[in-house]
Structure formats: structure tokens, C-alpha cells
Protein chains: 2
Amino acid sequence: VTRREAGLRIDAPRLLARLAQLGAVGADAHGGRTRLALSAEDQAARDLVASWLREAGADVRVDAIGNLYGVLDGAQAGPPIMTGSHIDTVRRAGAYDGCYGVVAGIEVLDALRRRGRPRRAVAVAAFTNEEGVRFAPDLLGSRVVAGHIPLEEALALEADDGARVGDELRRIGYAGTLAPTAFLPAAFVELHIEQGPVLDAEGVAVGVVEAVQGHAWWRIAIEGTANHAGTTPMTLRRDAGAAAMGLAGRLVERARADGVPQVATVGTLSLEPNAINVVPGRAVFTVDLRDPRDAMLERAEALLQEGLRDVERQGFRVAAERISHHAAVTFDPALCALIESGARELQLSSRRMNSGASHDAQMLAARCPTAMIFVPSLRGISHNPKEHTEPAALAQGAELLAHTLLRLVDGGSHGIAGL
Amino acid sequence: VTRREAGLRIDAPRLLARLAQLGAVGADAHGGRTRLALSAEDQAARDLVASWLREAGADVRVDAIGNLYGVLDGAQAGPPIMTGSHIDTVRRAGAYDGCYGVVAGIEVLDALRRRGRPRRAVAVAAFTNEEGVRFAPDLLGSRVVAGHIPLEEALALEADDGARVGDELRRIGYAGTLAPTAFLPAAFVELHIEQGPVLDAEGVAVGVVEAVQGHAWWRIAIEGTANHAGTTPMTLRRDAGAAAMGLAGRLVERARADGVPQVATVGTLSLEPNAINVVPGRAVFTVDLRDPRDAMLERAEALLQEGLRDVERQGFRVAAERISHHAAVTFDPALCALIESGARELQLSSRRMNSGASHDAQMLAARCPTAMIFVPSLRGISHNPKEHTEPAALAQGAELLAHTLLRLVDGGSHGIAGL
């Protein structure tokens, strides 16, 4: 079969035009856009997406946490095969993060409808407040779907400006009545830009995402003694800065030596009193550890603890706090295999990989067979107006999503448990 | 001989009372005092010191850079034996830094006068703007005496508030007509608190200061690439923070391993963008290197350069600037030996040591045989209202200064070249 015959015809020009149109909602003069969850801009974007879903022949529904669905009934009863992502953004965002998965999903749904009624129902979802910029926690809509947080608690969440999720949903007209579990899918596939540099650096067309890294965020304060940098011999110092920098350097070095896929980042560090000629009396820094293997993440955290105990034994006071933690999420192996064979059939180069960022798919994974498809991000840039993916790469990813959903709606199990 | 018979009787209660009285000029409600150079507070302190010098029988003179001298003529013609220090302070200073050397010098001059006319003239100096807080550079008065900076240039220096040294000297009434070299001494001995923890930690009464450390201050910027901390594999990062912290940690570690007397301090470090989940794209930090041995200081700087070249070879952009540098100053060995033997005669425990801080004596050392005497600083605290030296230790230091000056004014050379 040729590449075109293996999949579904996707209207690539329309996909690109709609990405540009959606990207114009909340746009600023500097190439970015800001479309925080449940804002007026989010409302305008939802209205646009809902209109495209209707145009594609989908039944548009909204659940009680504001998740927006377009549903195409199948010949068989039962839960839908779902794709989707989110359309809220960070501040000064690029045009592709989240939006790509939703807009491509609409193209796939439209292509499936034009092909004739599928065996299984198909749904495209745009989940509420994925970014978590305005309301914490992030992944809010999919989190409620997964039962990770009760609906009432989610509706009561407050933004910094005092606005509540429930009130804001009503204000923008997206407080639905549907139970958030109404469309719990039979399988979920999320298409997304990588937001990292791997595919771009390796020149690979698509990533088959096997797992989302777990992460542990630590905030550490080391207290020593501030002293005159000229008059205090090294032997009489308790240099909190040197202790912190030494430990931070070793943590990053060890992750580098351990190699892919573990990552370690010391993104913030501050010294007190922060004067050129005073030995630092206090150092505060953060550690961001990520690994798709829970055991390896635990080991990295244990090594951090050990390093901190060493610092304590050298006479420093140490206060360490784990401020955030997510266990790793493993996606469905059979679904990954289905995506991978699809890439082969479409003659797209692919590689297995992990997601370094969080995605709605990691919430869905607790409820149904789930996987993700990544397309390259130019130089790994994301959460930035410079976020870019080549048009051809965007079209290829949508074709692979279409190919995958075509297989999933055909009524077979494809080795996927529960399907 | 007993301890008292070996030296001169010092009026210790008056020494302590005058230190308290001088310490009250510019005092705040929190135990500190602020007496920046050529301020109204400095003027009041100068007036007080001048009155004490006159009371001690000295001829009070002021040179063109505002250095204040009290001179007691000797039986022989020729340059004076000089002691002294400074009475300007940093902000929220302690009561002893500088003032101790001036007030003790007045007590010694008074004791010498009461004993009968000395062979050699004696002078007590209070040098202008030692601290360098209001006007840079520091050590200004002694710097002009040493010819390190021309008088005209010094008078033209501007403070942050726009005030000029020359104008301010006139305003407070201390613009003298005497050439700054008028009292170039035959020998100079400065008595000072250590401002470091060594004597206090070792329970030693006095330090015989053989040298002032040289220092080199560097400001270093390392530029890498800011990246997402979750999606960027270690192999594709240019983590400027890790590069800076690794280098800083190694520098401090090496100085610790090399041992006394070298010291290395990374007192400031800032990361950009300084976010927990972003790989630092830029790190700026300072390095303060000090060693009393110029060759070892140069070696430390060479190793820093080598470390920076390593960082460059790893693909970072590095900008390094030496923002300050002083060569080490070695004091007169025979004068040090005279002080040391004086300590022995007075039954005071002593040790040879280096000065980690800058002092007027290091400027005088270019012009005449010079040395310093240190007394302990409690826990090494200085430039702080908590700066403290025990009253008995203050009296002992003054006794050793008196003993030393008594020997120097007797007309002998004591093995000191040029005396």
C-alpha cells in the first residue's frame, strides 16, 4: 500500500489554517498569545472549537468541569475511542501546545465521518485548565475525569485573583451538566508537540510515547555562618554557598553520568548575604528530579537525602522539603505498538520515548488504555512564542493519529486489554 | 623584669572610656554607628580626636588629603615613629575597627610624653576614608601618603551623592595645607582588631602581622541555553548553572585542600531565569581569592582561568572580568621580630599571622618599615555592631604598642633597615 492508502486523508491545509486561527485568539503584538483557563479568550477559543466540531458532524457536549467534547456515534454501543488535548495556554505561549492535538483530532473525526459510520464511537476532547497557570493544580479537567480530585473540590478552586472555577465556568457559558465520567473512553490517544529537543535533534518524524516521567521537586535551605571572606581561614568556615553548590553540582553530574532518561535540574539558587567579600551564611536552592522509572526516581531522591545528611554531618543546618511529586505513568504497550506499526506503514521514522512534560493523557491512563504521539519541536522550544513545528511534520502527526484511530474504531482489540 | 616594668603604663580605663565616647559619635539605636568619611559625624569624631591629641601634648596637624596627625617632637631631628589607623566607619559599624588603633596611639603618645622627651619624634595618625564606603578607592588618605594616587586625583573623587572629596574636606574644616608626605615616618606600627576568628579560636593574646594578603576579585558570567527541565535530556543541555556551580565548588574545595593561608570565596551567584523547572541559561557569580604569597595568588587565578577555558570547551560562552586586585604586602621582618620579642617580655601569647583585610599599614609599607599588631575579635565578627574585643585584650594590645614604640623612639635601629 502507498502511504496515502494506508491511512485516512487529512485536510492538512485546513489543519494549518485552523491552528493559525485558534492561535490568533488572545494574540499579542509579539507573536505570542495568552489564553488562561476560563478567561474571555478561553471562551472565544472554546466557541471556535465547538463550531469546528459541529461542522465536522460531531455532537458537542460539555461536562460539569467544563471539558468540551465532540462525539461521533459508532455502529456499536459502548465507550468512545477518544483523542484530544487542551486549548488553554500559558502566558505568551506558542500556537501548538495542546491546540495541535485538539485541531488535529477534529480533522481526524471529520475524516472518519466522511469515510462512513465507524464501528466504535469517536470523541475529541478539549480538557479544562491543563496548564494550571490560572488555577492549580494543572491537568484539572482530565484530573476530574480520572477521579484524581472530586468535582466539588475542583469547582471550588480559587485563582490568585479570587475567581472560582465553578463561577468562571458559568460566566463563560461552559458549566455543563454532564458527569465528568460520562465519556470515559475505551482508549485514549493524545497527539502533542514534543516540547523537547530529541526528535528535532535526531531528525525523527514521530515519537511513540511510552511513559510520562515522574518528578520530585525539592526546596533545600542550608544554613552555615556568614564570615569575612578575607579574614576567615578555610578551616574555620561553614560556607553554606559552597556546600549547596558542591551538592547541586554533584546531583547534576550524577544524572548526566547515569544518562538518559533521568534528568536533574537545579534551576534556582540564592545566597545570603550575597556579597562578594562575605562567606555565604545561607543558601536556598531547588532540585527538579525526573525519571520515567519510579524506582530510579526514588533512588535519585535517596541519593539527594544522603548528600544532605553529609552536609549536616559537616556542621550545617539543613531544611529540605519535597514541594511536588508525581509518580511516573506508563502507557499501554499494545497501543504503543499499534502506533509504532502505523508509523511504519506510513513510512514515518519513529522512536520510542518518554514525555518530560505533563499531559492530560497521564490522567486518562489511570482509566483506559492510553498512549501519546509526539511530533518534533524545533530546538525543543515551548511555552514561548518561538515554539515551532514544521507544517509537514504537523500533517504527518495528524496522519498517524488518523491511522491509529481508524484501527481503533474498527471493532478489533489489536491486543489492547479491555478493548 | 615584671610585665609592668618592661613597658609603659597605659591608662587602660581612659582608653576604654574614650573608645566608648568615640563609638557614640554617629551611633544608632541598635548598637551600631555610621560615620562615613567626611560626613558631619566624621567631623565630630575628628574634633574629639584632635582634642585628645592636644590634651596629650601633641601638635595637631592636618595634611591636604585630610589626614589628621598629632606630633610629639623628639630630641633628634628626623621623621617620626608613627602609629595610627582611621576613625571613619562602614554603615552600622562596631566601635573598634580603626578607632582602637587611633585611641590607643593617643594613650601611648601621652605615656611617652609623661616619661620625658623621646629621642625620636612620635606621631599618631588618623587617615582619611580608610573604609572606602563613601568614596572609592578605600585607604584613600594613606594611599595619597604612599604616592599610590596623586593628591589632585584624590581630591576630585566623587561620592554616589555627587559630593567631592576636596569640597567635603573644606566643608568639615579638615582641608589642611600640609603636603601628604610631610610626616613620612621612619617606621609605622598599626594596632588593630583582627576582624577574623583566628586569635579568638586559638586563645592567643596578640597577632604579629607579617603580611597583608593580596586579593583578586573576579566577576564571571557563563552563558548556556535555558531549556525545559523535564523535556531536555542531559546530553542536549548547556546548563549554565551547573557549569558555574561545579566550577565554584571546585575552586572553594581546592583552596580548602591547599590549606592556610589561601582563601577562596564565591559570595554571590545568580541564575537566569531562576525557575525551578527551567535549566539555567545564564549564571553570574563572583570569586574572591586571597593569598599573602603573590605567586600562590597568581596560581589560583591561573587555575580559575583554566577552569573557565574548560567551561568554554564544553560549549558555553564565558565572560570573565577581574574587577579588583591588590598584590600582597609583606611587612618588615625586623619590626615583626621587635613586636614579637615585646610580646614575650610582656608575657603575652602571640602568633605570626597574615591580615585578611586591608589596612592603612599596607600603604605605608611602601614607604617605611611597617608592621601591625592584632588583638582578638570575638568569633571574628567585624563590620557589625556585634564586633567585640575583651577590655583586657584591648589593654594588652595597647601595652604591646607602647612597648614597641618605646623601643623605636630610643634612637637604636633594632636591626630595622633605614632606622
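Tutor: In this predicted model, the charged end of A:Arg46 is placed over the ring of A:Tyr174, at 4.9 Å from the ring centre. In chain B, B:Arg46 lies over the face of B:Tyr174, and here the distance to the ring centre is 4.9 Å.

In an edge-to-face pair, A:Tyr69 and A:Phe127 stand 6.5 Å apart, centre to centre, with 90° between their planes. A:Tyr69 belongs to strand E2 (residues 68-72) of chain A, while A:Phe127 is in the loop between strand E4 (122-126) and helix H5 (140-145) of that chain, so the pair ties together parts 58 residues apart in sequence. Both A:Tyr69 and A:Phe127 are buried.

The contact between the chains may be considered next. Chain A contributes 49 residues to the contact and chain B contributes 49 residues. Together the two chains bury about 4000 Å², of which 67% is on carbon and sulfur atoms. Of the area that chain A buries against chain B, 19% comes from A:Met234, A:Met245 and A:Ile276, more than from any other three residues. Across this interface there are zero salt bridges by the rule applied, whereas eight residue pairs are in polar contact. Several elements of chain A each supply at least two residues to the side that touches chain B, among them helix H8 (198-202), helix H9 (240-258) and strand E12 (282-291). The largest share of that side, six residues, comes from H9(A).

Methods
Residues are numbered from 1 along each chain as its sequence is written. Chains are lettered from A and ligands numbered from 1 in the order in which they are written. This is a predicted model: local features need pLDDT of at least 70, side-chain atom pairs count only at pLDDT 80 or more; totals for chains, interfaces and linings use all residues. Side-chain values use heavy atoms; hydrogens and water are left out. Rings of Phe, Tyr and Trp (its six-membered ring) pair if their centres lie within 6.5 Å; planes under 30 degrees apart count as stacked, over 60 as edge-to-face and the rest as tilted. Helices (H or I, at least four residues) and strands (E, at least two) are DSSP runs, numbered from the N terminus. Buried means under 20% relative accessible area, exposed over 50%, partly exposed in between (1.4 Å probe, protein chains only). A charge sits over a ring if NZ of Lys or CZ of Arg is within 6 Å of the ring centre and within 35 degrees of the ring normal. Contact means heavy atoms within 4.5 Å. Buried area is the accessible area (1.4 Å probe) that two parts lose on being put together, summed over both. A salt bridge is a side-chain nitrogen of Lys or Arg within 4 Å of a carboxyl oxygen of Asp or Glu. A polar contact is a pair of N or O atoms within 3.5 Å; within protein, one must be able to donate a hydrogen and the other to accept it, and residues adjacent in sequence count only if both atoms are side-chain atoms.
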